[in-house]
Amino acid sequence: MALDFIAIDFETAAPRWDTVCSVAMARVRNGAIVDEFATLVNPECDFGPIQMRVHGITPLMVANAPIFPDIAQRILSFIGDDVLISHNIPFDGNVLQRVLAKYDIPIPTINTFCTLACSNLYDPALVDHRLPTVCREYGVTLAHHHDAGADTRACAKIMIAMANRMEAASIDEVAAHLHMQYGHITAQYVTPPRLSNGMPVYITGKNSMPARNSFAIQEGLRTQCPDFANEITLDQLKDGKTVAIKVSGSVLLYLTIGANTAYIKAPEVSDPAAITPRASRYKDGSHKLPVDRDFDYNRFIEMMADRAKALYEASVSLSFGCCNDFVRCSDARKCLKSDNPDYKGCQYRKNLEAGRIFYGVNRNV
């Protein structure tokens, strides 16, 4: 057997899996990258400001790029019968399945594996398991994080380096070493890699986490923590058990820690510290999250802050009720679209006037 696989990375134009704007793949044979493919893609949809800020791809850059059906068969042929690997395969696997389904392109069964899950199992002492951190651990150069080509090459080199450390000659041997099973992409579902005992490696929903499996909780939260710049602060309340997770002084959610459980609660609409009344659309009421008795609560709180950050970043363009030009408004420290019909109801304008600026050169003021 040989260390053969395909590494892949997608970038999306909007907060939906089927909005591919960039894709890259690398073919590995006998532990070496032998072929690569990368292209921009016209997603045939509007771009989200958050996504553009993350990967730097704009509508103008993809105006003359192929649409996904034009490259779908080349992608599927490139993958062939190989194991498909990415750094967070639940994301990239769902992107591939959803965009194929969007264009009614037949979806083959593909085995998948994940360097993010592997790193967490093999290197649990790392401060986190984000791609830049794992690259540093394995001496892999990451030229430009969130560039699909750079991320794909980095993922492939991490898998190669990790296999070498394990003295594993194939992905099968890596999986056996870590007691993991492959994930699968089919026309009906995307199943992420799992532990060999059947325990999940990733959470299955926003508020659903497996009981008595602290690794699964940590890993699941970590996969939802993009590297955004906005500052999250944690304020310990009087009882020492409830934490207010805040963004620039405004409460996004409350986290209550118990002996065996954790509860998340959104601020009430009447809460003067709430960011916007619509924050509760993501955390409507209390949600019980069963955790292991020996779970590291401090680490859990930190990762919940990251999760809150991701939820906040994903919601701002919807919650502000504005013209989606809030980056320029932040730079100017004032609303630039006072003639817009939504001016009076613009939540972002109200945040600006209250001194809470989240984006652009003045973010976190």
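Is Glu 36 buried, partly exposed or exposed, and what is its relative accessible area? I looked it up: Glu 36 is partly exposed, at 40%. My cut-offs are under 20% relative accessible area for buried, over 50% for exposed, and partly exposed in between, with a 1.4 Å probe and protein chains only.

**Ground rules.** I am reading a predicted model, in which local features need pLDDT of at least 70, side-chain atom pairs count only at pLDDT 80 or more, and totals for chains, interfaces and linings use all residues. Residues are numbered from 1 along each chain as its sequence is written, and side-chain values use heavy atoms, with hydrogens and water left out.

**Overview.** I noted 11 helices and 14 strands in the protein chain. These are DSSP runs numbered from the N terminus: helices are H or I with at least four residues, strands are E with at least two. The protein chain has 365 residues, and 52% of them are buried. I then checked contacts, meaning heavy atoms within 4.5 Å. Of those with a separation of 6 or more, 61% join residues 24 or more positions apart. The accessible surface is about 16,300 Å². Carbon and sulfur atoms hold 49% of that surface. The areas come from the Shrake-Rupley method with a 1.4 Å probe; for residues, only the protein chains shown count as cover.

**Salt bridges.** I counted 5. The rule asks for a side-chain nitrogen of Lys or Arg within 4 Å of a carboxyl oxygen of Asp or Glu.

I went back to Glu 36, which pairs with Arg 153 at 3.0 Å between the closest N and O atoms. This pair links distant parts of the chain: Glu 36 is in strand 3 (residues 32-40) and Arg 153 in helix 6 (residues 148-166), 117 residues apart. Arg 153 is partly exposed at 30%.

Helix 6 came up again. Glu 137 meets Arg 165 in a salt bridge, 3.1 Å from N to O. Glu 137 sits in helix 5 (residues 131-137) and Arg 165 in helix 6, 28 residues apart. I found Glu 137 partly exposed at 32%, and Arg 165 partly exposed at 39%.

I also looked at Asp 35 and Arg 27, joined at 3.0 Å, N to O. Asp 35 is partly exposed at 32%, whereas Arg 27 is buried at 17%.

**Cysteines.** How many disulfides are there? I counted 0, taking a disulfide as a pair of cysteine sulfur atoms within 2.5 Å. For Cys 45, the nearest cysteine sulfur belongs to Cys 21, 8.2 Å away. Cys 45 is partly exposed at 21%. For Cys 135, the nearest is that of Cys 155, 8.9 Å away. Cys 135 is buried, at 1%.
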